[in-house]
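Subject: Structure for you to look at

Hello,

Here is the structure you asked for. Please open it first, and then read the notes that follow.

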Amino acid sequence: MRNFRSSVLFVLSLIIVSNVARASAEIKVHIVYLGEKQHDDPKLVTESHHQMLSSLLGSKEDAHDSMVYSYRHGFSGFAARLTKSQANKLADSPEVVHVMPDSYYELATTRTWDYLGLATANQKNLLNNTNMGDQVIIGVVDTGVWPESESFNDNGVGPIPSHWKGGCQPGEKFKLTNCNRKLIGAKYYINGFLAEIDGFNFTESPDYSSARDFVGHGTHVASTAGGSYIPDVSYKGLARGTLRGGAPRARIAMYKACWYLEELGGVTCSSSDILKAIDDAIHDGVDVLSLSLGSRIPLNSETDLRDAIATGSFHAVTKGITVVCAGGNAGPSAQTIANTAPWIITVAATTLDRSFATPIILGNKKVILGQAMYTGPKLGFTSLVYPEDPGNSNETFNGDCEYLNINPIREIAGKVVLCFTTSRRYTTQSRDASFVKGAGGLGLIIARIPGYTLTPCKDDFPCVAVDYEVGTDILFYIRSTRLPVVKIQRSRTIVGQPVGTKVATFSSRGPKSTFIQDIAAPGVNILAATSPNAPNNAGGFAMYSGTSMAAPVISGVIAILKALHPDWSPAAFRSAIVTTAWRTDPFGEQLPAEGSSRKDADPFDYGGGLVDPEKAANPGLIYDMGPKDYILYLCSAGYNDSSISQLVGKVTVCSNPKPSVLDMNLPSITIPNLKDKVTLTRTVTNVGPVNSVYKVLVEPPFGVRMVVTPKKLVFNSKMKRVSFKVRASTTHKINTGYYFGSLIWTDSVHNVTIPVSVRTQILQNYFDEN
């Protein structure tokens, strides 16, 4: 969140999904991997491949007919049509590293949806059971939309939902005909912006005085949440597949309330414009409202009436509209989570099970897989340098990335430069790469804190990220070699194991008072539609990262759940995704949280966990809430009767004594100041089989005793809602940090799980700097 006021949390990635191999025939394509090339001339490499095949098959003609691909640039190998016995013969050759049958890839959505279990190939999954979210309307408050993008084509989309009351607003380069059965609404809000920015002149601004998107962020968000199918999309060859949103037949309504301001070099959103956009969205009939917006620290409290998003979303939620918000990009620091009002679904960001491995080959033949989005030509062996004082010079040398510009130009020209940085700024890599290129350098290797997002460098300049340990290994090679050299190859997409999922470094962390983020979703390098004006776009598509991109993933999930359960409340949807979430990745591996050091993720990192859409469709029990519950919360938070009455539009009198904030019926328990013992209440509603019995399982936080009564909940046709009490007491004798556990209701089919976070505070309101 880099811009003043409510700034867009810029940011996510489309990749190919490995599929089960097709039924084998006698002759199948096999990949014969030969390792590093033996020749720099690609023609000679290919010729060697043909010679090997000719020796096996008996003739050049047969070898030519058999050959599918010759891998001759990044490494040596070939793909050929072979029988199993022929493949086995090649595998026995001393020149061959290994031979493997070709695997087949299904061209699918951004890897996000298959990763989360919503592949369209499964005819009986949630996506197909809900007709892909048809008749559900997703409203997006953002920077606008690029209506010509294929993400908003209405092929196969039915009539506009009958409950839609909105429309499209013409403006600069935006006509009524730019809308269709997919993009059913597009409006813009600028009065607040113009009032704040004296002397703003649209004739001199690159932004459009209309709902048309200049920067591309809103287009990306809308495409991620509900974009239509587009086959064969990639980012310059990386992550090729079929692009789609979470609910591909849902309808999109864009409310542009954020504007590009050249003086800032970024986007700003007026609170008044945001509120008007939300106001119109409520009127227009949206079912889900997605806001990838936030504010700078200091953050507003969760119910601060000065917070336009909290206030506007309160009204939306009380009218049955589910509001989904980005949690912020201020991680990995604690207590940085934004948009935590208890009626908002707050989203954290994770990576996917994919990476863009970029081979770095040192002169000693050591191969290092860095991370980059480099799609340019392979860089052959080139001088490698780390700028440092040789000991006999009066000139200044510095290997810190931020100070590369003080080095002599000759130190950089014609070389690949290694530098080290402690910066967390995403601009560091692009700025340093621009300097190196301007000084005549040929590439850049940045050693940095692990876990920060990748951005492609301008003009496809080779710039690769590694961690400090790898950077130190490269530095040792440079210092121990008279003429150090390096190769940099094109980035390659790796999907699935062994690549693991992590909570993203930038994703803001909890807690905030008694609130944490609700849920996590993929938010790193998501490939989706964007504006052709956006930097790093390729054919109208780009990869962005941030909780901005995780939020529309959840918006898409909520849209398909809404199609399945049209009568559920916003709180019911939140409960369903929180209580059924993965606490591991989909493969059962522990989810780490990236930061200055990696640790196992906890509720302050990912809330309930990583969203599992299929399980959320059938949660068993829900922790439901409505307007009365939110009013009780406002009373417990200390708002007076007059303020609450103004907010809800009717006379409201809080009880005396006021209710406990701990009794808010959230699908989580956070106790920030446990001194001795406390008792709190939750209520669950049965949405599963009518006659059900649930038993409790408690995993208490360390040093905390938890007693739940009753220990068994019985539901039938007359008893659909049951309350229970949780008594928590501490055994600690000192102030502690937070410890984590969980509370689970199970009927042997459903495991309705909520996270528990408890901090002991013997000395209350005490800040410990020790």
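C325 has a relative accessibility of 0%, so this cysteine counts as buried (buried means under 20% relative accessible area, exposed over 50%, partly exposed in between, with a 1.4 Å probe and protein chains only). The model is predicted, so local features need pLDDT of at least 70 and side-chain atom pairs pLDDT 80 or more, while totals for chains, interfaces and linings use all residues. Residues are numbered from 1 along each chain as its sequence is written, and side-chain values use heavy atoms, leaving out hydrogens and water.

Disulfides

A disulfide is a covalent bond between the sulfur atoms of two cysteines. Here a pair counts if the cysteine sulfur atoms are within 2.5 Å, and the count comes to five disulfides. Counted along the chain, the bonded cysteines follow the pattern 1-2, 3-4, 5-6, 7-8, 9-10.

One of them joins C168 to C179, with an S to S distance of 1.7 Å. C168 and C179 both lie in the loop between β8 (137–142) and β9 (183–188), so the bond ties together parts that are eleven residues apart in sequence. (Strands are DSSP runs of E, at least two residues, and helices are runs of H or I, at least four residues, numbered from the N terminus.) The torsion about the S-S bond of C168 and C179 is about -100 degrees, so this disulfide is left-handed. C168 is buried at 17% relative accessible area, and C179 is buried at 16%.

C457 and C463 form another, with sulfur atoms 1.8 Å apart. Their torsion is about 115 degrees, so the disulfide is right-handed. Both cysteines are buried.

In the pair C635 and C654 the sulfur atoms are 2.0 Å apart. This pair links distant parts of the chain, 19 residues apart: C635 is in helix α16 (residues 627–636) and C654 in the loop between α17 (641–648) and β33. The torsion of about -80 degrees makes the disulfide of C635 and C654 left-handed.

A sheet

Four strands form an open sheet in the order β32-β34-β38-β36, with antiparallel pairing (two strands pair if DSSP finds at least two bridges between them). The edge strands, β32 (621–622) and β36 (704–709), each pair on one side only. β32 pairs with β34 (residues 677–686) over two bridges, and I622 has T685 in β34 as its bridge partner.

Regards
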